Amino acid sequence: MKKRKERIDRGIKARSEDIFALSSYREMLYLLVPRAIPVVGLLGVAPFLSPYWQEVFISTSIYALLAISWDLLISAGLVSLGQSLFYGIGSYIAGALNHYCGWSPLFTIPVAALGGGLLCTVLLLPVLRLRGIYFAMVMLVLPLMLSRLVEATRILGGTEGLPGLTPFPNQLIALYVVQLAVLAALFGFRRIMASDYGLVVKGINDNDRSVMSAGINIYLYKTQILFIGASVGSFAGALGTHIDMFAGMPGFALDYAIMPIAAAVVGGMRTFVGPMLGAFLLVPLSEILRALGALRIVFYGLFLVVFIVALPEGIFPYVQRKYHQLERWVELE
Amino acid sequence: MNQPPPLLKVSGLTKSFGGVMAVSNVSFELKEGELLGIIGPNGSGKTTLVNLVTGFVKPNSGRIEFKGKKITGLAPYKIVSLGIARTFQMVRPFYQLPAFKNMIIPLYSPRVKKLAGGKYGDRDAVALDLLEEVGFERDAHVAYKVAGSLPQGYLKRLELAKAMALRPDLIIFDELFSGLSLAEVASIVPIIEKLRFQEITIIMIEHRLKELFRIADRVLVLNYGEKIADGPGKEVMESESVKKAYLGSETD
Ligand SMILES: Nc1ncnc2c1ncn2[C@@H]1O[C@H](COP(=O)(O)OP(=O)(O)OP(=O)(O)O)[C@@H](O)[C@H]1O
Ligand SMILES: [Mg+2]
């Protein structure tokens, strides 16, 4: 006898984002549990990690921030091949304010986040009208140019960078700060994109002419999204630079551009959770693979390929679908 | 007697793409409350003319005035904010969203916010009201269905409702009737007549001449980007140049 899988949507009204017609504790749990997982999973696990894994989790969370920022930009149709631009600028602003002016990280980090967001937005404003691949190329080239500029003009410490920056009081505090930032970006961005404002942003990505004909200035929206994404990226750079106690040309490194994209693709684009999950899979994996020495990149690449082929939609959309649907085998005649 | 100034005044409008003259030295005026039909063979420049008036394409030369104000070269969103709405020949809604959620984007526009004095109430409710007006039966909950599951007739009406949501003074329909059955066209005509009743000025680009002539005050004919006739439907169709443009292939 043949069987086939049948999928049924769970009969819970509260599935839609803005109708909260909850009728039982079960339904409430159904909604709350998925939201509690990232909070507990991040903050709850932190104190039990060894110092080495705390360090890994810090860098993972920083990549997660960059990946979530990348995901915000892609929702507005902005393909960023240069998250390293945001990271590098944030790290240099925080580093310079700390190194030359002696500001505490309490001030350098927020100033670097907002200032970096503003500076990157201004830098990219002239190319905001370019679509898809053209914008992406400019974003790829800018960080490379800026790091060569630092090298050639020897400003901001040149190739030596700015060493001896103020660190966080201890590693656990650093980890908590980064993780709170990840959670804030995650829930904040999901909220924004579920609102009417988010609908307009998605519309720009989907069919910009239709949004223009609705009397909406799409460049204003793209600028706002760029600013928010760049600020989060610069924030990550500022945190990273104080954790490393160093700001320098590595801030513009290609790693910061590529890892966020890989994380978003593996985890599932345009969901914010997906890129975060992707980062938490890929960064620790690359640490574990360190033991393999030179073969590391081969295995890493293999893993990426297998993953993308097996689950092209990404981890989170897959899990989400499974969660919202009951599956059962039914018999066919 | 003082003539009221025209709502829209287009003079000497020209646009070429590479070597192709898409619109060539076109001038016309449109009175408030009028319904102007624009017809012409395929590729005669009708859509380009719409794109020029709505700011999606910048002209090589010529001038467009709306309510006495020059709007040539303004960005599309600014032109909308002055009161010109349009629909597209190819409807491309958000297929994965419910129909009423498709209405949110125009309802979110600054023009709507301004007209409503700050807040425009509950957008979802306004969206549902507007959709009911264009024939989304409320009892059947059609407005809640995802746009991708709706037949072409509903998608065109959704497009119409999106333009109406902007509360424009002038609406330009680019082939609203194309791809629709006679029954579907017949169900949209009363909606257009209602718009006229509200003194909204309308331009209709159409290939469906019979239906157009029934409702249009005046018809303008384009051929190879040039205006070859402008007047009441019957007169225009009698004219030699129009006959030639339309029937050329048959009589030759
Ligand atoms: N963006 C563009 N780039 C190049 N050529 C264009 C562009 N838009 C239109 N054209 C050309 O301009 C001419 C007029 O096209 P347009 O789309 O305005 O005609 P139309 O009257 O709307 O035709 P249809 O009845 O098929 O919709 C055509 O020759 C077309 O190929
Ligand atoms: Mg056309």
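Gln89(B) is partly exposed, at 32% relative accessibility, where partly exposed covers the range between buried (under 20% relative accessible area) and exposed (over 50%), computed with a 1.4 Å probe on protein chains only. The model is predicted, so local features need pLDDT of at least 70 and side-chain atom pairs count only at pLDDT 80 or more, while totals for chains, interfaces and linings use all residues. Residues are numbered from 1 along each chain as its sequence is written, chains are lettered from A and ligands numbered from 1 in the order in which they are written, and side-chain values use heavy atoms, with hydrogens and water left out.

**Helix H1 of chain B**

- H1(B) is largely enclosed by the rest of the structure, because 7 of its 8 residues are buried, namely Lys46(B), Thr48(B), Leu49(B), Val50(B), Asn51(B), Leu52(B) and Val53(B).
- Gly55(B) follows H1(B) and has a positive phi, near 85 degrees.

**Contact between the chains**

- In chain A, 19 residues are in contact with 21 residues of chain B, contact meaning heavy atoms within 4.5 Å.
- Together the two chains bury about 1800 Å², 62% of it on carbon and sulfur atoms; buried area is the accessible area (1.4 Å probe) that two parts lose on being put together, summed over both.
- Between chain A and chain B the count is 1 salt bridge, and the side chains of Arg123(B) and Asp196(A) meet in a salt bridge at 2.6 Å, N to O; the term stands for a side-chain nitrogen of Lys or Arg within 4 Å of a carboxyl oxygen of Asp or Glu.
- Helix H7 (196–206) and helix H8 (208–212) of chain A are the elements that give two or more residues to the side of chain A that touches chain B, and H7(A) supplies the largest share, 7 residues.
- H7(A) is also mostly covered, with 8 of its 11 residues buried, including Asp196(A) and Tyr197(A).

**Two further residues**

- Thr201(B), in strand E8 (residues 201–205) of chain B, is buried, with a relative accessible area of 1%.
- Leaving aside neighbours within four places in sequence, Thr201(B) is in contact with residues including Leu7(B), Leu30(B), Gly33(B), Asp169(B) and Ile171(B).
- Ile228(A) belongs to helix H9 (residues 218–244) of chain A and counts as partly exposed, at 26% relative accessibility.
- Not counting residues up to four places away in sequence, Ile228(A) touches Leu72(A) and Phe189(A), whereas Ile228(A) and Gly215(A), 13 residues apart in sequence, are 23 Å apart in space, C-alpha to C-alpha.

How values were computed. Helices (H or I, at least four residues) and strands (E, at least two) are DSSP runs, numbered from the N terminus.
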